[in-house]
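Please examine the sequence and the structure shown here before reading on. The paragraphs below then lead through selected features in turn.

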There are 2 protein chains.
Amino acid sequence: MSWLKILGAVIVGALLLTVGILLGHFAIPKGGNGPRAPSWVQTVGRDLNESLLQSFMDQVDSGKIRENLKALASQPHMATTKGDEELVKLLLRRWQDPQVGLDSASEDVYGAFLSFPDPQRPNSVAVGVCGSQIFSTRRSEKNVTADQTHADVVQPYAAYAPPGNPRGRLVYANQGKRSDYLELVNMGINLNGTIAITRYGVAGRADKAVNGAEFGVAGVVVYTDPADINDGRASEEETYPNSWYLPPSGVERGSYSRYFGDLLTPYYPAKGNMPGQGRALTHDGIPPIPTQPIGFEDAQTLIWWQQGSVSLLAPPDRYVLYGNHRDSWVHGAIDPSSGTAVMLEITRVLGKMLKEGKWRPRRSIIFGSWGAEEFGLIGSTEYTEEFYSKLRERSVAYINVDISVFGERPSVLSSVSVYDNWRNHFNRISPSYGVIPNLGSLGAGSDYASFIHYLGITSKDIAYTYDRNKTSARIYPAYHTAFDTFDYADRFIDPGFTSHQAVARTVGNVLLRLADSLILPLNVSDYGEKLDELYSAAAQGDFLANLNANNLSLDPLKAAIGRFKSVAADFNQRITKLKEESPSPLQIRMVNDQIMLLERAFLNTQAFPNQYYYSHVIWASKSSDQATFPGLADAYTSALETGDWDQVQKHLTIVVHAVESAASTLEAVA
Amino acid sequence: MSWLKILGAVIVGALLLTVGILLGHFAIPKGGNGPRAPSWVQTVGRDLNESLLQSFMDQVDSGKIRENLKALASQPHMATTKGDEELVKLLLRRWQDPQVGLDSASEDVYGAFLSFPDPQRPNSVAVGVCGSQIFSTRRSEKNVTADQTHADVVQPYAAYAPPGNPRGRLVYANQGKRSDYLELVNMGINLNGTIAITRYGVAGRADKAVNGAEFGVAGVVVYTDPADINDGRASEEETYPNSWYLPPSGVERGSYSRYFGDLLTPYYPAKGNMPGQGRALTHDGIPPIPTQPIGFEDAQTLIWWQQGSVSLLAPPDRYVLYGNHRDSWVHGAIDPSSGTAVMLEITRVLGKMLKEGKWRPRRSIIFGSWGAEEFGLIGSTEYTEEFYSKLRERSVAYINVDISVFGERPSVLSSVSVYDNWRNHFNRISPSYGVIPNLGSLGAGSDYASFIHYLGITSKDIAYTYDRNKTSARIYPAYHTAFDTFDYADRFIDPGFTSHQAVARTVGNVLLRLADSLILPLNVSDYGEKLDELYSAAAQGDFLANLNANNLSLDPLKAAIGRFKSVAADFNQRITKLKEESPSPLQIRMVNDQIMLLERAFLNTQAFPNQYYYSHVIWASKSSDQATFPGLADAYTSALETGDWDQVQKHLTIVVHAVESAASTLEAVA
């Protein structure tokens with residue numbers, strides 16, 4: 001007989017933020033104007049300066065990025081810790097620098113609910129036989145580069161899981177999916193009162209416990225399987241500090257919440273003036289039972305025995321946002337400091353150009369250093385909640401660079417362009433452009449989530465990742481462990497920091513184009529291709545047959561998409577024509593507003609009433625395998641079981657209305 | 001023993017609309033510009049032309065309005081009827097007129113669910129004794145001016161009530177409020193299977209039946225009480241055609257639905273491409289039991305025994321909307337033709353100025369002639385649903401003029417100004433301006449509902465009403481009856497049509513100022529006074545004591561309102577300064593966008609999850625008597641009973657967040 005013991009504690013913490021601003025320009029008179037032309041005439045019509053862009057690209061320095069990262073990852077900086085506070089100061093110092101700083105930078109504090117372990121009662125998983133403990137898991141990771149012994153290394157724990165001390169028989173439950181537990185039950189195994197050991201992957205962190213609790217499981221252990229992360233390598237010799245692979249003692253920390261944002265104040269900023277604070281936590285998105293992550297060394301033995309802060313830079317009244325979180329689970333060299341190192345280099349170059357009087361952006365650029373991302377995207381979500389109306393009214397786009405580089409150093413450094421490299425490894429066939437780089441879908445994996453899903457702001461997330469043909473690692477192996485250090489980054493991820501430099505140049509390029517282009521560099525017709533793709537997945541095979549059998553037709557959707565594509569093509573033609581006609585500032589603003597608000601037109605607050613924040617009809621999350629519009633896909637899959645075709649019809653209506661609204665937004669104004 | 005018999009039938013109809021457009025101007029080059037100034041420089045900075053406004057005012061002709069009304073009310077024009085279709089043609093003819101027409105006008109059709117009686121089985125209420133019928137109510141109103149005999153006069157019925165033939169004992173249930181039924185039950189009266197006779201007023205039409213059904217009532221009769229409408233006068237001699245009072249046989253028709261918009265396609269336009277159409281009606285907002293309206297003559301005997309279409313005129317990309325419904329229950333001279341007569345006079349004068357090349361609005365003006373208002377604001381709601389994104393992105397304001405004049409002709413015609421007259425009869429003391437005309441709150445009584453509540457567009461409704469010190473009539477007596485005719489209007493409401501002319505001038509003035517003013521003529525500081533008023537109602541007496549007793553503080557709300565007022569004052573100062581500095585078109589646009597979007601910042605789609613369309617934190621409906629923010633008021637009243645103070649806290653948070661968002665919208669952009 002074996003038993004398990006799990007301890008945990010939850011302590012509330014306050015979340016710290018800083019905000020900095022890079023103002024867009026309005027009217028900087030340059031030289032003498034004629035007597036009849038007001039002073040703003042010459043500047044307001046100015047487009048992106050290509051030579052200035054080239055100058056920016058030339059100045060991005062990989063050595064500086066390496067220095068940034070070294071400073072950023074020099075100590076653990078989990079949200080609300082001393083390390084985190086020091087990073088806030090570092091960022092403020094840089095952004096307020098008289099030579100290379102920005103227009104302004106300030107600090108902002110949210111009092112969010114974060115979950116921490118009790119240092120006095122460290123968590124562990126233990127095995128006992130006949131009442132005597134015969135094995136207990138490590139309480140911290142093994143010291144391999146001295147970084148792991150820092151006093152502020154948080155012990156491995158499952159944030160937001162409840163404390164407790166359950167005992168029970170250990171059962172291996174694969175990935176903790178509902179189907180995994182169900183399979184065990186179908187095999188005749190009684191899960192009541194058991195401790196389930198599961199591996200990271202597929203099911204979300206919280207889901208493993210939520211699913212298990214449904215079947216009576218009393219506690220959940222989660223480990224990182226070498227097959228999922230290390231291409232099977234599991235020995236000390238094969239792992240860090242000898243390679244980029246995760247050492248046997250490494251434990252992936254993480255937020256065990258299904259939702260993002262502060263759990264106590266969803267949709268509202270966690271500030272003193274929001275009366276929602278200080279109330280009890282009652283939430284269905286966190287583990288109902290004690291849960292603990294462990295390393296694969298400990299997992300093998302067991303199986304054998306069978307919170308943060310946000311910093312920002314902000315207008316005139318159109319915003320280009322760029323952000324990354326700052327908090328990490330431990331030193332966080334890759335996650336997130338590789339992104340912050342890149343951001344700091346970009347702000348250094350832009351700040352320098354600004355201070356030297358060479359440049360000022362047309363639109364305002366807001367840089368955000370978000371806090372408590374690891375606890376559920378909390379800093380960025382609070383920010384979007386606090387400035388909901390303003391951001392929704394004025395934001396042109398949001399760029400997110402979290403982990404900027406997480407591929408292992410390529411064995412051969414190539415001279416191929418970022419564009420070609422991207423296209424070679426991840427591409428799609430566009431009906432308009434042929435083979436082009438592909439884009440994935442934005443879920444809720446980083447701070448872009450509330451920007452795209454809640455506010456409907458066009459968003460982008462970018463990283464230099466690895467060739468999945470060469471490794472089957474689920475993610476870079478040291479992810480969320482005490483081995484994610486500067487040394488790890490410097491030796492295995494990006495020696496020379498040229499990948500970081502490439503990311504900084506690529507992202508900086510996108511940023512400057514969004515900020516300075518006279519006409520926003522977003523091609524509305526591209527949305528037509530996505531709509532076609534989603535439509536095609538529904539308009540075939542069983543999907544179509546089942547719709548038709550229930551008197552549901554896709555014709556209105558087809559017609560709406562057709563209208564959108566036609567309106568988008570006309571819109572692009574008008575832009576081309578407008579550019580030839582020396583357009584007035586108001587004409588430019590009108591067209592840019594249409595581009596900016598296109599994404600907003602796809603929002604529907606009635607579409608997903610039970611899913612916090614999700615309201616984007618194209619990009620919302622779905623659980624169905626059907627590759628069509630998410631609400632439609634889920635309703636269809638559900639109707640196959642329940643016969644509720646009214647919900648399918650409802651989501652068809654929602655999609656048609658959203659596509660029609662998007663088309664309306666782009667139609668000729670006059 | 002007495003019994004009652006009620007018949008009804010529901011038939012679905014299609015709704016017709018027309019749309020016309022008056023384009024805002026962009027850049028009409030006037031004369032020669034200097035070599036350095038682009039052609040748009042001189043026109044884009046032009047403010048409202050005051051002499052042109054005066055010219056408009058002078059041209060508004062009361063005789064033309066009288067002619068309009070005569071044509072509009074010449075025959076019954078309930079939604080979808082031949083009379084209604086003919087009005088669409090009339091409007092198109094006027095708006096497409098080469099001399100006084102608008103830029104364009106077109107027709108738009110929605111297939112909404114409307115409810116009509118079955119002409120083959122007319123409704124009535126009958127009394128029987130011992131199985132023999134001894135009395136039956138009239139099936140139509142008495143012919144007093146020949147208008148009542150028109151073949152298209154719809155028989156009196158309760159739209160959306162179900163058909164049926166209930167029999168039961170007749171019980172007088174006052175206004176059909178829940179408390180009225182409860183009082184009967186407390187008196188020991190068993191309401192099961194009874195027929196309740198109720199009078200119009202206080203409880204909404206549908207509520208009388210919904211409330212009754214809860215207590216077992218099998219059918220509801222609703223009558224117009226002379227005390228509520230006729231200052232007690234009930235004889236033929238004292239009523240129309242001898243006075244403005246309602247004749248004994250007059251029956252108020254109406255929509256017996258609690259909600260507005262098409263019941264089958266809430267939030268979506270009732271168009272062929274919206275798959276929601278053609279589904280079964282399952283709705284909790286309509287009478288669950290047969291219901292029938294009757295006149296007071298019939299009611300006395302009983303007691304003694306114990307809808308469409310929409311027309312519009314639209315950009316460039318900022319819209320001022322002006323609308324009224326077109327459909328009536330019968331001839332609808334007052335409701336709604338008095339408003340349409342005014343609108344037609346305004347469009348004639350503006351159309352003439354336009355065609356003569358004297359004027360073009362800065363912003364686009366959209367005129368809407370909505371259909372099926374009587375069935376639940378259906379035309380206007382469908383329009384806001386179909387163009388949800390576009391209207392929300394671009395609308396500056398919505399002006400509604402439904403019934404334009406519904407006071408009885410004053411015995412002495414005075415020369416006092418509209419402003420002074422308004423201030424004399426309906427005023428408030430403003431901390432900033434002293435005694436000024438007061439504004440009521442916009443509920444959901446006319447087509448402004450979805451503009452203000454669902455889209456958050458600043459809205460206004462205006463009418464010339466009567467002195468409530470001189471009559472206690474609940475509304476003008478012929479309301480919704482076959483006596484609401486041109487003759488009635490011409491003889492009793494506004495002989496000479498000078499009141500109509502005053503409304504046309506007042507509204508036209510507001511319309512031109514909204515369309516042409518360089519800076520939108522909306523003072524954002526006025527919202528501060530409203531916020532103070534709502535706050536004060538909560539920050540006193542029992543309300544405050546009960547909040548405090550439950551650990552809830554109003555301090556954050558007070559602080560948020562303080563911030564709003566301060567930001568609004570700064571905003572006004574910036575506008576004053578901007579005007580002195582020959583601002584650029586972009587600076588003007590930025591400020592105007594802030595004014596336009598202020599109203600939007602008060603929307604919260606999570607605030608009233610169970611109330612269709614309502615999302616405006618200041619103006620949503622409430623059932624509580626507490627004079628504070630509606631969500632807060634209802635949550636407070638409910639908490640007194642249930643102890644659910646978490647809901648109160650939730651609504652406090654919602655209000656604080658809305659006020660903070662509004663302040664953010666007005667803050668200096670740079």
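The model is predicted: local features need pLDDT of at least 70, side-chain atom pairs count only at pLDDT 80 or more, and totals for chains, interfaces and linings use all residues. Residues are numbered from 1 along each chain as its sequence is written, chains are lettered from A and ligands numbered from 1 in the order in which they are written, and side-chain values use heavy atoms, with hydrogens and water left out.

In chain A, four strands form an open sheet with parallel pairing, in the order β6-β7-β8-β10. Strands (E, at least two residues) and helices (H or I, at least four residues) are DSSP runs, numbered from the N terminus, and two strands pair if DSSP finds at least two bridges between them. Because β6 (170-172) and β10 (291-294) of chain A stand at the edges with a single partner strand each, one side of each is left without a neighbour in the sheet. From one strand to the next, the twist averages 25°. Helix α6 (residues 205-214) of chain A packs on this sheet, touching β7, β8 (219-223) and β10 of chain A, and its direction makes about 150° with that of β8(A). Contact here means heavy atoms within 4.5 Å; axes are lines fitted to C-alpha atoms, for helices over the stretch in contact, and angles run from 0 to 180 degrees between N-to-C directions.

Within this sheet, three bridges pair β6(A) with strand β7 (residues 195-199) of chain A in the parallel sense, and A:Tyr172 stands opposite A:Ile197 in β7(A). Five bridges pair β7(A) with β8(A), again in the parallel sense, and A:Arg199 has A:Tyr223 in β8(A) as its bridge partner. β8(A) is mostly covered, with five of its five residues buried. Buried means under 20% relative accessible area, exposed over 50%, and partly exposed in between (1.4 Å probe, protein chains only). A:Gly219, A:Val221 and A:Tyr223 point one way from β8(A), while A:Val220 and A:Val222 point the other way.

Chain B holds an open sheet of four strands in the order β7-β8-β9-β11, with parallel pairing. Its edge strands, β7 (170-172) and β11 (291-294) of chain B, each pair on one side only.

Helices also pack on one another. In chain A, helix α18 (residues 555-580) and helix α19 (residues 585-601) pack at an angle of about 150°, with their axes 11 Å apart. That angle makes α18(A) roughly antiparallel to α19(A), a description used for angles over 145 degrees. A:Phe564, A:Phe571, A:Ile575 and A:Leu578 in α18(A) meet A:Gln587, A:Val591, A:Gln594, A:Ile595 and A:Leu598 in α19(A). The residues of this contact divide into seven nonpolar, two polar and no charged; Ala, Val, Leu, Ile, Met, Phe, Trp, Tyr, Cys and Pro count as nonpolar, Asp, Glu, Lys and Arg as charged, and the others, Gly among them, as polar.

Some backbone features remain. A cis peptide bond with omega of about 15° joins A:Tyr240 and A:Pro241. The peptide bond from B:Asp335 to B:Pro336 is also cis, with omega near 15°, and B:Pro336 lies in helix α9 (residues 333-355) of chain B. B:Ala146 has a phi near 75°, a positive value in a residue other than glycine, and counts as partly exposed at 46% relative accessibility.

Methods: Angles under 35 degrees count as roughly parallel, over 145 as roughly antiparallel, 65 to 115 as roughly perpendicular and the rest as oblique.
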